[in-house]
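Hi everyone, thanks for coming. Today I'd like to walk you through the charges of one protein, on its surface and between its side chains.

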Amino acid sequence: MSTDEDSTNETHWDLDPKFDFVDAHRLPFSSDKVSLKKIDTECSGPFEGKAHGRAFTHQANIEIRDLQYRMYTEGKQSLLVVLQAPDAAGKDGLIRKVLGQMNPQGCRTYPFKVPSSEERAHDFLWRIHKATPAAGKVSIFNRSHYEDVLVVRVEDLVPKSVWKERYEIINNFEKMLAHRGTRILKFYLHISPREQLERFKKRLDDPTKHWKLNAGDYEARDNWAAYREAYEDAMEKCHSKIAPWHVIPADKKWYRDASVAAIVRETLRDMDPQLPKVDVDLDHIRQLYERELAEMTE
């Protein structure tokens, strides 16, 4: 038996564990106030360890690709995946290892950075709406419209009278997307301050990651509590059955990937996309093929 911790070929692991990732990580639909302090940032779920979790992710990715292909060919439904997190929680890694495994012909990632002057001249959803998925497509938001009730609030970029009205606007926007056939998944990658600092150290120690270094990341740590409160309010005010929030323990990268893969797969299974019905005469097409083949072999 292989002893490689990162192997995805082990056969003794249960790759279909009886564990409800959605129930474990989706916020409850209740009137209780959201408290991120009460939610663990570290979890192993049903897995024996890192290698088990990675093997599960590998298996889930295969099915996700198949289901995405079916959705693309069906051309009726769409999927929007929203990623929000403190810096270094792993949005890029998650996209690379899970979400980015989908066929790029029907899947696109949109990184929302500081708005341009043109974007600031429009309403805050203008740049967002253009990136929502068409029928049959998947859009992945690396940060999103929620920045306009997070950063702008904590950094005092707009008055409270402006950003507090945006929760209702966001809810109506997401209702509209759902009404036109878009399934919405929102993930908050929940990382601890200690783990974030350790990942900052790895960036310092690795010259290939120096491009990620930013003094502003340390300034944001000074506002950790304010950002946590802003996230809690956004989750509390914009959590619904059509656009639920999932809080994903992100201190263990492999568990972050496995749990998101499981939830995306379960969502696509529930969407149940179907290959389009064949509207051609298969016998006739087969005859044409056999004729061409015969002519080539003469």
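First, some housekeeping. This is a predicted model, where local features need pLDDT of at least 70 and side-chain atom pairs count only at pLDDT 80 or more, while totals for chains, interfaces and linings use all residues. Residues are numbered from 1 along each chain as its sequence is written, and side-chain values use heavy atoms, with hydrogens and water left out.

So, the overall picture. The protein has 13 helices and 5 strands; these are DSSP runs numbered from the N terminus, with helices being H or I of at least four residues and strands being E of at least two. Along the principal axes, the C-alpha atoms fill a box of roughly 75 × 55 × 40 Å. Of the 298 residues, 44% count as buried. Buried here is under 20% relative accessible area, exposed is over 50%, and partly exposed is in between, using a 1.4 Å probe and protein chains only.

Now the charges. There are 47 positive and 50 negative ones, and their mean positions are 4 Å apart. Lys and Arg count as positive, Asp and Glu as negative, and His and the chain ends are not counted. Each charge is placed at NZ of Lys, CZ of Arg, CG of Asp or CD of Glu.

Which residues gather in a patch of positive charge on the surface? They are Lys-50, Arg-96, Lys-97, Lys-202, Lys-209 and Lys-253. Lys-253 is in helix 12, residues 253-271, and counts as partly exposed at 34% relative accessibility. A negative patch is formed by Glu-155, Asp-156, Glu-219 and Asp-222. Glu-219 sits in helix 10, residues 215-222, and is exposed, with a relative accessible area of 52%. For both patches, members have over 30% relative accessible area and no salt bridge, and like charges are joined within 9 Å.

On to the pairs. Side chains of opposite charge can pair when their charged atoms come close. How many salt bridges does the structure hold? There are 20, each being a side-chain nitrogen of Lys or Arg within 4 Å of a carboxyl oxygen of Asp or Glu.

Glu-63 and Arg-265 meet at 3.7 Å, N to O. This pair links distant parts of the chain, with Glu-63 in helix 2 (residues 50-74) and Arg-265 in helix 12, 202 residues apart. Glu-63 is partly exposed at 24%, whereas Arg-265 is buried at 8%.

Next, Arg-166 pairs with Asp-148, their closest N and O atoms being 3.5 Å apart. Arg-166 is in helix 8 (residues 166-179), and Asp-148 is in the loop between strand 3 (138-142) and helix 6 (151-154). Is Arg-166 buried or exposed? Arg-166 is buried, at 12%, and Asp-148 is buried at 12% too.

Finally, Glu-229 bridges to Arg-153, with closest N and O atoms 3.9 Å apart. Glu-229 lies in helix 11 (residues 224-237) and Arg-153 in helix 6, so the pair ties together parts 76 residues apart in sequence. Glu-229 is partly exposed at 44%, while Arg-153 is buried at 17%.

Note on methods. Patch = residues over 30% accessible without salt bridge, like charges linked within 9 Å, V, L, I, M, F, W, Y side chains within 5 Å. Areas by Shrake-Rupley, 256 points an atom, 1.4 Å probe, with all protein chains shown as cover.
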